[in-house]
Amino acid sequence: MRIDVLTLFPEACEPFFAASILGRAQSGGNATIVCHNLRDYATDRHNTVDDRPFGGGPGMVMMCGPVFDAVDAIEKQDERQATRILLTPQGRRLDQAVLEELAGLPRLLLIAGHYEGFDERIRLGLAPRELSIGDYVLSGGEAAAMVVVDGVVRLLPGVLGDEQGAAEDSFSVFRGESRKTGAATPTETLLEYPQYTRPRVYHGMEVPEILLSGDHGKIAEWRREQARKRTAERRPDLLR
Ligand code: 9D3
């Protein structure tokens with residue numbers, strides 16, 4: 001998959017995309033992530049990409065010209081059809097189902113804005129999908145673009161390797177997703193059960209005896225129970 005990110009702050013995004021799983025996905029050939037500076041597509045000598053809103057009001061608005069020209073130029077860089085995604089507080093709320101859909105596409109073009117918003121003709125002319133990452137206010141779309149890229153890339157075949165295989169084998173505890181099983185209904189959606197690693201006692205707090213018992217049937221049962229309890233307490237909305 002190729003992912004292009006159009007932003008005013010490519011230098012803020014690039015190190016994130018180079019680190020950890022995303023960096024490995026790129027060097028392993030599963031993903032190509034290319035950041036583009038919107039300012040490179042400004043047409044005046046001040047590299048202007050925003051202007052004051054017609055009709056008055058606070059803040060600045062992202063101009064059409066640089067965005068349209070950038071999308072045009074970026075889309076020509078690769079033959080694959082890009083799915084355009086505008087990151088805005090008015091978009092559809094991101095969830096795991098959206099990420100899974102996006103992960104099945106050959107190419108994404110994420111457009112991160114700043115200021116009060118985009119000139120409406122960007123929506124009309126580019127017909128992008130529009131995504132929000134949640135009901136809180138960020139200063140721009142960059143952090144949201146990073147969230148989308150991270151959530152999509154880890155779903156690409158071959159990116160997670162063994163960790164994913166292991167997750168799939170275990171029973172249907174929610175790991176923030178419903179694994180692609182081909183089944184019509186997603187796996188049961190529960191929060192993760194409590195986990196422990198060495199040492200067996202830390203500051204007087206002991207690892208639950210059952211986890212040391214070696215009885216894998218009992219352990220699975222305990223984990224299911226804990227996951228249900230935790231989900232009921234914290235996220236009753238997940239228990240439809
Ligand atoms: C005064 C109205 N504000 C809308 C709530 C204006 C406004 C605030 C923040 C316009 C843009 C922004 C910057 N935010 C994003 O670009 C953004 C975002 C977000 O703030 N929250 C959740 N998801 C996203 S995706 C892009």
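1. Let's start with the core. The largest nonpolar core in this predicted model holds 32 residues, and those with the most contacts inside it are I3, V5, F17, L87, L110, V149 and V153. Here a nonpolar core is a set of buried Ala, Val, Leu, Ile, Met, Phe, Trp, Tyr and Cys residues joined through side-chain atoms within 4.5 Å. Buried means under 20% relative accessible area, exposed means over 50%, and partly exposed is in between (1.4 Å probe, protein chains only). Nonpolar side chains tend to be buried together in soluble globular proteins.

2. Who builds that core? Two or more residues each come from β1 (2–7), α1 (10–18), α2 (20–27), β2 (32–37), β5, α4 (96–103), β6 (107–112) and α6 (142–153). The most come from α6, which gives seven residues. Helices (H or I, at least four residues) and strands (E, at least two) are DSSP runs, numbered from the N terminus.

3. Leaving aside neighbours within four places in sequence, V149 is in contact (heavy atoms within 4.5 Å) with I3, V5, F17, L22, I33 and L110. Apart from this core lies another, of 19 residues, with L38, M62, A82 and L86 among them.

4. Now for C35, in strand β2. C35 is buried, with a relative accessible area of 15%. Not counting residues up to four places away in sequence, C35 touches V5, P10, C13, E14 and F17. Have a look at I74 as well: C35 and I74 are 39 residues apart in sequence and 10.0 Å apart in space, C-alpha to C-alpha.

5. On to a charged pair. E75 sits in helix α3 (residues 64–75), and its side chain makes a polar contact with the side chain of R84, at 2.7 Å. A polar contact is a pair of N or O atoms within 3.5 Å; within protein, one must be able to donate a hydrogen and the other to accept it, and residues adjacent in sequence count only if both atoms are side-chain atoms. Beyond four places in sequence, E75 is in contact with A82, R84, R107 and L109.

6. The ligand has 16 residues around it, the closest being E116, I133, G134, Y136 and L138; a residue counts if one of its heavy atoms lies within 4 Å. By class, this shell has nine nonpolar, six polar and one charged residues. For that tally, Ala, Val, Leu, Ile, Met, Phe, Trp, Tyr, Cys and Pro are nonpolar, Asp, Glu, Lys and Arg are charged, and the others, Gly among them, are polar.

7. Which backbone atoms lie by the ligand's oxygen atoms? A backbone N or O atom of L138 is 2.8 Å from a ligand oxygen, and one of G141 is 3.3 Å from a ligand oxygen. A ligand nitrogen is 3.0 Å from a polar backbone atom of I133. Taken alone the ligand exposes 580 Å², and the protein buries 75% of that; accessible areas come from the Shrake-Rupley method with a 1.4 Å probe, and for residues only the protein chains shown count as cover. Two or more shell residues come from each of β5 (83–93) and β8 (129–132), and β5 gives the largest share, three residues.

8. Some bookkeeping to finish. The chain has eight helices and ten strands, and buried residues make up 42% of its 240 residues. Residues are numbered from 1 along each chain as its sequence is written, and side-chain values use heavy atoms, with hydrogens and water left out. Local features need pLDDT of at least 70 and side-chain atom pairs count only at pLDDT 80 or more, while totals for chains, interfaces and linings use all residues.
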